[in-house]
Amino acid sequence: MDKNILNRVNVLIKKTYYTYERFQVDATFALLYHEEPLSVEELSLFVRLSDHLIHLDEHHYFIVFAFTSQENAYKASQNLIHNLDGHSNEHTCMALDTFDTSKSPTAVLSRLNQILVETRKNSFVRIETEDILYR
């Protein structure tokens with residue numbers, strides 16, 4: 001991953017942690033995989049205005065579901081995948097990680113990637129949480 005992109009992700013995660021510590025506002029981190037490359041402008045049509053989106057590489061996008069518990073982020077993810085299915089016939093899946101301010105930004109990305117790898121092994125599951133790592 002490009003160093004500038006990694007720095008942007010680190011800053012966004014730290015900013016989200018600060019917001020939580022200061023105002024006790026929930027957030028959920030997500031990693032989206034989409035088989036067909038999408039521009040940020042194109043994908044931004046399907047995410048909520050309050051969410052943050054960073055294009056990591058040709059197929060991966062880091063999303064912060066701001067002001068959102070993991071349960072509600074799961075629902076937002078379902079809507080996002082449904083809308084992307086209507087937009088293209090390409091495979092899409094997502095990984096969600098429980099918000100934990102004790103995790104470093106590198107650990108957050110690593111866990112999301114592990115979750116996504118496990119999710120992609122089962123083509124019937126399109127959204128998964130860290131629970132998949134303990135099965």
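Buried means under 20% relative accessible area, exposed means over 50%, and partly exposed lies in between, with a 1.4 Å probe and protein chains only. Keep those cut-offs in mind for Gln24, which is exposed at a relative accessible area of 53%.

This is a predicted model, where local features need pLDDT of at least 70, side-chain atom pairs count only at pLDDT 80 or more, and totals for chains, interfaces and linings use all residues. Residues are numbered from 1 along each chain as its sequence is written, and side-chain values use heavy atoms, leaving out hydrogens and water.

## The whole chain

The protein chain holds four helices and five strands. Helices (H or I, at least four residues) and strands (E, at least two) are DSSP runs, numbered from the N terminus. Their order from the N terminus is α-β-α-β-β-α-β-α-β. The radius of gyration is 14 Å, close to the 14 Å from the globule rule for 135 residues, so the chain is as compact as a globular protein of that length. That radius is taken over C-alpha atoms, and the globule rule is 2.2 Å times the number of residues to the power 0.38. Along its principal axes, the C-alpha trace spans about 40 × 35 × 30 Å.

Of the 135 residues, 44% are buried. A contact means heavy atoms within 4.5 Å. Among contacts with a separation of 6 or more, 65% join residues 24 or more positions apart.

Now the charges. The chain has 13 positive and 19 negative side chains, and the centres of the two sets lie 6 Å apart. Lys and Arg count as positive, Asp and Glu as negative; His and the chain ends are not counted. Each charge is placed at NZ of Lys, CZ of Arg, CG of Asp or CD of Glu.

## The cores

In soluble globular proteins, nonpolar side chains tend to be buried together. A nonpolar core is a set of buried Ala, Val, Leu, Ile, Met, Phe, Trp, Tyr and Cys residues joined through side-chain atoms within 4.5 Å. The largest one here has 22 residues, and Val9, Phe29 and Phe62 have the most contacts inside it. At least two residues of this core come from each of helix H1 (3-23), strand E1 (27-34), strand E3 (60-66), strand E4 (92-97) and helix H4 (105-121). A second, separate core has 18 residues, including Leu43, Phe46, Phe65 and Leu96.

Look at Phe29. Beyond residues up to four places away in sequence, Phe29 touches several others, among them Ile13, Tyr17, Phe62, Leu96 and Leu112.

Leu56 sits in the loop between strand E2 (52-55) and E3. Leu56 is buried, at 9% relative accessibility. Its C-alpha atom is 6.5 Å from that of Ile5, 51 residues apart along the chain. Setting aside neighbours within four places in sequence, Leu56 contacts Met1, Ile5, Val9, Leu31, Tyr61 and Phe62.

Arg8 lies in helix H1. Arg8 is partly exposed, with a relative accessible area of 48%.

Most residues other than glycine have a negative phi. Gln24 and Phe67 are listed below with their positive phi values.

| Residue and phi | Loop | Relative accessible area |
|---|---|---|
| Gln24, about 55° | Gln24, between H1 and E1 | Gln24, 53% |
| Phe67, about 60° | Phe67, between E3 and helix H3 (70-87) | Phe67, 59% |
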